Amino acid sequence: MVGARDARTPIMKAVVYKSPCRVEVQDVTDPRLEAPTDVIVKITTSGICGSDLHMYEGRTPSMEGMVLGHENMGVIEEVGTAVVSIKKGDRVVIPFNVSCGFCFNCERGFTNACLTVNPEGYHGGYGYAKMGPFRGGQAEYLRVPYGDFNCLKLPGKPGDGHENDFLLLSDVFPTGYYGTELAGVVPGATVAVFGAGPVGLLAAYSAMLRGAAEVYVIDCVQARLAKASDIGAIPIDFTQGDPVEQIFELRSTTAFVEARRPGEEKMPGVMCGIDAVGYQARDREQPEKERPTQVLEDLIRVVNPTGRIGVVGVYMPSDPGAPSDAAKHGQFQFPLGSLFERELRLSTGQTPVKRFNRFLRDLIIAGRARPSFIISHRLPLAEAPDAYQKFDRRSDGYTKVVLDPQRQAA
Ligand SMILES: NC(=O)c1ccc[n+]([C@@H]2O[C@H](COP(=O)([O-])OP(=O)(O)OC[C@H]3O[C@@H](n4cnc5c(N)ncnc54)[C@H](O)[C@@H]3O)[C@@H](O)[C@H]2O)c1
Ligand SMILES: [Zn+2]
Ligand SMILES: [Zn+2]
């Protein structure tokens, strides 16, 4: 083990957060085993996530000097003396949650709320504000605590045809799936997904996997809506009018209307709603402005009485760049009265990735899921600063960027 350590140089390249809208690729110290349960992973792919953009824009507590990257996969380089089930050379993907496996919450499957890994809270995550002292994986190497628990083993070889599919098991595929779980998507369900970013597109895709009858996807970015349409969802452009009215209108022309009994006209919307946008939602009337509650308001209108809403888009308890004083403290006004009156169930939170990643992996291995349709760019680490900027602008075509730290810049 010592030999493997010494064979590596003590310096590696990593994407480091500097200040709002500025990240740099820098030399940082190489990670080392810190506990006997740790492993070191040589990263073959690391994703840039919509969640990274909250930090990038300075919309989270300060992160200066932090190595970013919570969507990580690679090959085991080194294992601690207490690691028993994985070994050097194994190909693995790592949930964005850091979790111990033995605390009250982990034991019940809530690895999104591990009680032991973050001294300052009840979440652990790589390279993320308030998620503990863990460096990210947009770098050549990553230290993974509790390697036995946190690494999911993969078949095949780095760079093979499933590299991009497997990377998405670290976060956005399980998160999209979690949205469908929270929204109660079952065969024959009607579903509205707000946001056609990576999470929204994979929520729509997961809804299809679960047998939904109709899936509407709402956004304004044409390239993203086109991807929704490619997988068989119905794209709704919110710049063309109130998306709730658009869905009511579209639903009123389907054969379902002919099959209705009296009274069912009171259910013109869908039964399942998913928020894959979060607190940086655009105001539909003035899309250049934010309206943090826009999507929640629309969901409460479009989901039929007795339906369910899954909120996987992030809402922050503290947001230095929020449009109002209340929002700076994570306080939002939204129609709780309608939520109650309509007998809706609303659930939210970070995804417990481990609850789903093994099963979603097996759908990929069996050829039943290809989530990589969302990936638009695979770039060397050196191009991260430019990629962050373009992804942040939601530039047409920048749907999902993954970085390959082993590839040299052109
Ligand atoms: N719960 C979790 O564990 C978890 C995990 C990963 C990501 N997330 C969160 O999920 C959200 C989406 O992530 P992403 O990577 O897809 O991000 P993204 O920013 O790429 O996508 C968000 C999309 O929402 C669209 N949008 C903005 N306002 C809208 C509105 N009013 N109506 C409809 N669409 C609107 C944008 O045009 C954009 O395409 C983020 O808040 C991210 O932090 C949560
Ligand atoms: Zn993420
Ligand atoms: Zn735990």
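The model is predicted. Six strands, β8 to β13 by name, make up an open sheet with parallel pairing.

**Shell around ligand 1**
- Ligand 1 is surrounded by 35 residues, and the closest are G50, S51, G195, G197 and G278.
- By class, the shell holds 17 nonpolar, 12 polar and six charged residues.
- At least two shell residues come from each of α2 (50–56), α6 (172–182), α7, β9 and α11.
- Of these elements, α2 gives the most, with four residues.

**The parallel sheet**
- The strand order is β10-β9-β8-β11-β12-β13.
- β10 (234–237) and β13 (345–348) are the edge strands; each has a single partner strand, so one side of each has no neighbour in the sheet.
- On average, neighbouring strands of this sheet are turned by 20° against each other, direction ignored.
- Five bridges join strand β11 (residues 270–275) to strand β12 (residues 303–311) in the parallel sense.
- V270 has V303 in β12 as its bridge partner.

**Helices across the sheet**
- Helix α7 (residues 198–209) lies across β8 (190–194), β9 (214–219) and β11, and runs at about 175° to β9.
- Helix α11 (residues 294–302) lies across β8, β11 and β12, and runs at about 170° to β11.
- Both α7 and α11 also supply at least two residues each to the shell around ligand 1.

Definitions and conventions. Residues are numbered from 1 along each chain as its sequence is written. Chains are lettered from A and ligands numbered from 1 in the order in which they are written. This is a predicted model: local features need pLDDT of at least 70, side-chain atom pairs count only at pLDDT 80 or more; totals for chains, interfaces and linings use all residues. Two strands pair if DSSP finds at least two bridges between them. Axes are lines fitted to C-alpha atoms, for helices over the stretch in contact, and angles run from 0 to 180 degrees between N-to-C directions. Two residues are in contact if their C-beta atoms, placed from the backbone, lie within 7 Å. A residue is near a molecule or strand if its C-beta atom, placed from the backbone, lies within 6 Å of it. Ala, Val, Leu, Ile, Met, Phe, Trp, Tyr, Cys and Pro count as nonpolar, Asp, Glu, Lys and Arg as charged, and the others, Gly among them, as polar.
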